[in-house]
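Subject: Structure handover

Hi,

Here is the structure for you to look over. My notes follow below it.

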Amino acid sequence: MIGRLNHVAIAVRDIAKASAVYRDTLGARVTAPVVEAAHGVTVVFIELPNTKIELLEPLGPESPIARFLDKNPDGGIHHLCYEVEDIIAARDQLKAKGARVLGDGEPKIGAHGKPVLFLHPKDFCGTLVELEQA
Ligand code: CO
């Protein structure tokens, strides 16, 4: 069902500092920051030849990323995003197998303008999983 790894997301306190680490120390291509008010985050993408890294900085104290950083003060891996061909079909198959879909279970438009869903980490080896329609 799942296809390519679309991105690995890392929660950071300071997206400018984190961007500089990837650009200047690791020599990667880094996009400009984009504010995603609906998701409570500022996002930067690191473009690697085979996938992307998504840096997430909380936008305000109510951001889900702020809560993650309370538990992980140095930042850390927040979720993995896998591509699926049909997000509704994937969701329905997963639910039939007992997996929990977060929120109201309906896809939202993610950082790439494509429908995304999040799956409960307890059902996926302790890792928050994002599905994105390819
Ligand atoms: Co993501």
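The site of the cobalt ion is irregular, with angles of 84 to 172 degrees among its four donor atoms. Four donors count as tetrahedral if all angles lie between 85 and 135 degrees; four count as square planar and six as octahedral if opposite donors are over 155 degrees apart and all others between 65 and 115; anything else is irregular. For reference, ideal angles at a metal are 109.5 degrees for four tetrahedral donors.

Keep in mind that this is a predicted model: local features need pLDDT of at least 70, side-chain atom pairs count only at pLDDT 80 or more, and totals for chains, interfaces and linings use all residues. Residues are numbered from 1 along each chain as its sequence is written, and side-chain values use heavy atoms, with hydrogens and water left out.

**Cobalt donors**

The protein donors are H7 (NE2), E54 (OE), H79 (NE2) and E130 (OE), at 2.1 to 2.4 Å from the cobalt ion. A donor is an N, O or S atom within 2.8 Å of the metal (3.2 Å for Na, K and Ca); water is not among the atoms, so sites may look incomplete. The sequence spacing of the donor residues is H-x46-E-x24-H-x50-E. H7 sits in strand β1 (residues 5–11) and E54 in strand β5 (residues 52–58), so this pair ties together parts 47 residues apart in sequence. Strands (E, at least two residues) are DSSP runs, numbered from the N terminus. Both H7 and E54 are buried. Buried means under 20% relative accessible area, exposed over 50%, partly exposed in between (1.4 Å probe, protein chains only).

**Strand β1**

Six of the seven residues of β1 are buried, so the strand is largely enclosed by the rest of the structure. β1 pairs with β6 (residues 76–84) in the antiparallel sense, over six bridges. Its pairing with β5 is parallel, with five bridges. Two strands pair if DSSP finds at least two bridges between them. A11 has G76 as its bridge partner in β6, and stands opposite L56 in β5.

**Cysteines**

C81 is buried, at 0% relative accessible area. C125 is exposed, at 80%.

**One loop**

G113 is in the loop between β7 (108–109) and β8 (115–119). G113 is exposed, at 52% relative accessible area.

Best wishes

Notes:
Helices (H or I, at least four residues) and strands (E, at least two) are DSSP runs, numbered from the N terminus.
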